[in-house]
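I opened this notebook to record what I looked up in one structure. The entries follow the order in which I consulted it.

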Amino acid sequence: MEGKGFFLGGLLLFSIAAISTAQNRPKSSPKLFVFGDSYVDTGNWPQNVRGPWKEPFGKTFPGKPNGRASDGRVLTDHIASFLGIESPTPYQLRNTSKNTQQGLNFALGGSGVFPAWQNDSLTVQIDQFEQLLKENVYSRQFDLEYSSSVALVSSGPNDYSFYSAAKKGSKDGLPAFTEGLVNQLAADLHRINRLGVKKVVVATLPVIGCLPIHIIPPNSYQNCDEESNKNARIHNQLLLKAVEKLNTDDGNRSTFVVLDLYNAMVSAIDQFRKGAANTEYKNPLQPCCSKNVEFICSAEGVCPNPKSSFFFDLAHPSDNGWNAIFSFLQCSLNKDLRV
């Protein structure tokens with residue numbers, strides 16, 4: 001009995017010591033884990049095919065192609081800078097980088113919540129993250145729960161383009177598709193949190209109807225497609241309700257955060273348009289890249305100064321465009337992303 005008492009006492013002292021150690025650990029820098037599509041992908045696109053690893057991508061920053069679907073920075077870079085850390089290493093480069101302790105980026109351009117243009121989905125990306133936890137690349141206790149861990153999720157536009165173009169989905173079937181998509185996205189957000197990430201930030205759909213690829217008539221770059229924008233707003237409203245429910249069920253109303261990319265982009269485009277008359281800036285809906293092969297920008301068609309454009313290609317903001325968008329996101333981040 002004395003031996004058993006000694007064992008229990010030792011176990012209690014060990015537990016107290018472990019808790020004390022965790023509480024007294026110096027607060028580490030935040031860790032950022034990124035999931036989604038090309039708006040947040042910083043280098044997981046295959047390097048041996050046309051796309052962000054080829055010219056003219058990266059022309060503004062860092063001056064050469066680096067896996068981002070822009071002439072410069074993308075949303076991930078701005079969120080990382082806001083958190084005071086470097087952009088997390090892309091998952092496919094994890095074995096060649098020494099900088100994986102500030103998180104990892106699992107996002108892949110062309111992917112969706114469901115498998116879309118890439119044979120990849122949020123489920124696959126979260127599986128990759130979970131496997132690294134099982135391999136103890138990250139400690140759930142210290143790297144996630146006792147540090148300021150953040151997940152950034154941006155996914156959905158490719159699901160809709162895949163639904164209409166590849167699946168030939170009908171307009172009548174769109175409401176059910178949207179509901180199923182948002183339900184799956186909410187389940188993915190919940191799963192990320194259950195794996196230990198303390199704060200989960202999800203972007204709304206952008207203002208899809210104003211992307212150059214959706215402008216009506218094509219190549220006019222004058223009027224947004226209001227039907228596409230209406231569908232995006234319906235998706236975003238359902239996403240807001242789903243996130244509210246996640247926070248209510250979690251008992252912590254700040255675990256899941258919605259990043260209003262749609263309205264930030266609307267405001268940034270309006271600001272850009274007002275300034276275009278008296279500056280070198282062009283019509284914000286006209287992309288820098290005028291020549292595209294299978295929807296990917298060709299070096300022969302890029303404008304001389306991407307900084308004068310809001311969109312770099314048919315679907316992606318330029319470095320300048322992302323700067324403007326983030327300026328309208330920063331206020332809500334200051335309130336909702338305190339880590």
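I took contact to mean heavy atoms within 4.5 Å, and I worked throughout on a predicted model.

Entry 1, helix α2. I asked which elements the buried residues of α2 pack against. I found β1, β3 (103-105), β4 (149-154), β6 (256-259) and α9 (319-336). The buried residues themselves are Leu75, Thr76, Asp77, His78, Ile79, Ala80 and Leu83. Seven of the nine residues of α2 are thus buried, so I noted the helix as largely enclosed by the rest of the structure. Directly after α2 I recorded Gly84, which has a positive phi near 80°.

I located Asp37 in the loop that runs between β1 (31-36) and α2 (75-83). Setting aside neighbours within four places in sequence, I listed the contacts of Asp37 as Ala107, Leu108, Gly109, Ser111, Ser154, Ser155, Gly156, Pro157 and Asn158.

I looked up how helix α5 (residues 157-166) packs with helix α6 (residues 174-194), and noted an angle of about 150° with the axes 12 Å apart. The crossing of α5 past α6 is right-handed. On the α5 side, I recorded Asp159, Tyr160 and Tyr163 in the contact; α6 contributes Leu174, Phe177, Thr178 and Leu181. I sorted the residues of this contact into five nonpolar, one polar and one charged.

I noted eight salt bridges in the structure and examined several of them. Arg191 and Asp127 pair through their side chains at 2.6 Å, N to O. Arg191 belongs to helix α6 and Asp127 to helix α3 (residues 122-134), so this pair ties together parts 64 residues apart in sequence. Arg191 is partly exposed at 22% relative accessibility, and Asp127 is partly exposed at 38%.

I then turned to Asp270 and Arg273, whose closest N and O atoms are 3.5 Å apart in a salt bridge. Both residues lie in helix α8 (residues 261-276), three residues apart, about one turn of the helix. Asp270 is partly exposed at 35%, as is Arg273 at 38%.

My last pair was Asp336 with Lys335, a salt bridge of 3.0 Å, N to O. Asp336 counts as partly exposed at 23%, whereas Lys335 is exposed at 52%.

Key:
Residues are numbered from 1 along each chain as its sequence is written. This is a predicted model: local features need pLDDT of at least 70, side-chain atom pairs count only at pLDDT 80 or more; totals for chains, interfaces and linings use all residues. Side-chain values use heavy atoms; hydrogens and water are left out. Helices (H or I, at least four residues) and strands (E, at least two) are DSSP runs, numbered from the N terminus. Buried means under 20% relative accessible area, exposed over 50%, partly exposed in between (1.4 Å probe, protein chains only). Axes are lines fitted to C-alpha atoms, for helices over the stretch in contact, and angles run from 0 to 180 degrees between N-to-C directions. A crossing is left-handed if the near helix is turned anticlockwise from the far one by less than a right angle, and right-handed if clockwise. Ala, Val, Leu, Ile, Met, Phe, Trp, Tyr, Cys and Pro count as nonpolar, Asp, Glu, Lys and Arg as charged, and the others, Gly among them, as polar. A salt bridge is a side-chain nitrogen of Lys or Arg within 4 Å of a carboxyl oxygen of Asp or Glu.
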